[in-house]
Amino acid sequence: MIEKIILSKLITEGIDFLKKNIKEKIKQDNKGITSKDKMKYARVEISPSQIENSIGIHEKKVRNWSKDISFKDIGESKSLIQVYVQLDFYLSPVKNRIDDKESEKVSLSDLFKRSTNHLIILGQPGAGKTTSLKYLCHRLFSNEDDYLADVNFPLFIRLSELDPTKGSGTFRDTILSNLGDVLNIDIETNLESHQKKSLLKQSILIALERLKPLIVLDGFDEIPSTELKEIILSEIQEIALGLTQAKFVLTSRSGDFNYNIENANQYEICPLSDEQIKEFTIKWLNDETKAKKLFQQLKKSPFYDTTIRPLNLAHLTTIYEKYGKLPEKPKSVYRKVVSLLLEDWDSQRRINRQSEYGEFEVDRKLEFLSNLSFQFTYDFGKTVFTIKELQYVYLKICDNYNLPYNQERKVVKELETHNGLFLESGFRQYQFAHKSIQEYLTAEYIVALPTIPEDRKFLLRIPNELALAVAISSNPSLYLHSILTIRLMNNLWQDNFIEIFLDRLLLEKPDFVSIAETAISFCYIIEVLYIRRIIDEKSQKQYEIVLNYISRLVKNKFIKQAFINLKKYYDISDITINSGLVQLNKNNSNSIKDYHKYPDVIYSYSQFHF
């Protein structure tokens, strides 16, 4: 932060320079006016003490804004400098990249060292845009970074609070008028309104150039309408061309900034790396042992990919800090992340994003995203999609949501800006922000269908999504039974389906209940694979892997009780242990084809302990 004595000198010099320029401007614009009237036209009401006091008041506000990180779930706020992790930045926006060669990363300090231009920082929701601005302001106040040596102090404006259509004459609510208020600059003159407006703009730009602040413009995407964005964008371009000594740094969500600003460079925040995630948890918890345990839990979880965004990671770390553990059921995390990005984060910051498509509100967006995810998974079975694939799927489902034809790119842009769950991830390519969220949304759509899809080939391609569907269904025991014994029957061994399915089931921890169908489902898996092992000796390893999964699953007390209930219900008369296997024999044998109704033999490890 610039020292007070130097600031006073800069202000005094700036005012003299400003008055001189104003008088010269008036002389040029008002030839023929008497000397006496020229002075009347040229009255400039500015004093060094007024500007200094005004900057001091603004500085106090920015200091308070930049010192902490807080959100609804956190309780007490965290000191920014204690928890901030240095982010990396791509040298060009992700959506403009054609290949990975354009994925070079640089640090925040390098952004200032690389160029003398103004900076535009893009990022997905929760990527750390505003927090990075807070960090820059804090470093300016501490006066410790050489890469900020060319600017003196921060001037902060939240763009969502501007409305250039309000006010009258010269004094509209714009970036420059706000900066003029902070600097306490005004001109008293009898000039026409448009002349006064022009002079006031020039005066503010001259003052900014002499004082060399870092102008911090936060949240272009939060400007509430397209009309306002266009007005403010024009002013940003004017500022970019009018300032060389003073700098601005502007932030926006990636999907909402498709513009080119001359004399400004665009960068995009990178996802967090493993090392950055570790560093974040250590700083946040201020306890390396706890942080290590948390990172291990996160790494083993099916939702680890969501932690690449600081917002998601901060909320998960806060939950761990409060309760000493992560949510037991991953479905709670998926729902938390989706809710946070769809609505909660904007709501906490009082940001209202209006849809261009009538009734396409938050709940409909969630339904659309679930349907979109399902169709992409069904039709293409991958995670990155071309523009043609997007067009194909969009046309299949847009009528369901009263969305217009041939506007898939505009709809995706709105989705990316409003919640960042689905985004443009490269030149004419698209994907969901997190693979686990794509799987979750697909599962949500499947569970909401009247029946489980009958396409067996498709079901065998989505073991992860089906495991999630079991976990989030209203009755996981019956849903599991329907999938295995009605839809898939004797196809469980194909394409390693059952190993992937059971592995994900272990992670998702469905709320099974102690009904016979729960035990029958696991019996059926073992029966099918036992028979397959006899037919095909190569399946021996697969059989052992599956038994291991099931032995871990049945440690759940409800599944144990389900086996006990099954024994009683079907009058299973004998339990024998042979070579580490438990064999339950039923009094009356039934054919293999009816096994899902009347189990003959159950094979499992001796840990089953009935």
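Here are a few questions and answers about the pockets in this predicted model.

The model is predicted, so local features need pLDDT of at least 70 and side-chain atom pairs count only at pLDDT 80 or more, while totals for chains, interfaces and linings use all residues. Residues are numbered from 1 along each chain as its sequence is written, and side-chain values use heavy atoms, with hydrogens and water left out.

User: What is the volume of the largest pocket?
Analyst: A pocket is an open set of points on a 1 Å grid over the protein atoms alone, where a 1.4 Å probe fits, with protein on both sides within 12 Å along at least five of seven lines. Points are joined across faces, edges and corners, and the volume is the space filled by probe spheres set on them. For the largest pocket that comes to about 1100 Å³.

User: Which residues lie nearest the centre of the largest pocket?
Analyst: Lining residues have an atom within 4 Å of a point. The largest pocket has 41 of them, and nearest its centre lie Ser70, Thr130, Lys134, Trp345 and Arg349.

User: Which element gives the largest share of that lining?
Analyst: Helices (H or I, at least four residues) and strands (E, at least two) are DSSP runs, numbered from the N terminus. Elements giving two or more residues include α3 (48-66), β1 (68-69) and α13 (330-348). The largest share, 4 residues, comes from α6.

User: And which element gives the largest share of the lining of the second largest pocket?
Analyst: This pocket, about 520 Å³ in volume, is lined by 25 residues, with Tyr90 and Pro271 among those nearest its centre. At least two lining residues each come from β9 (264-269), β11 (422-426) and β12 (429-432). The largest share, 4 residues, is from β11.
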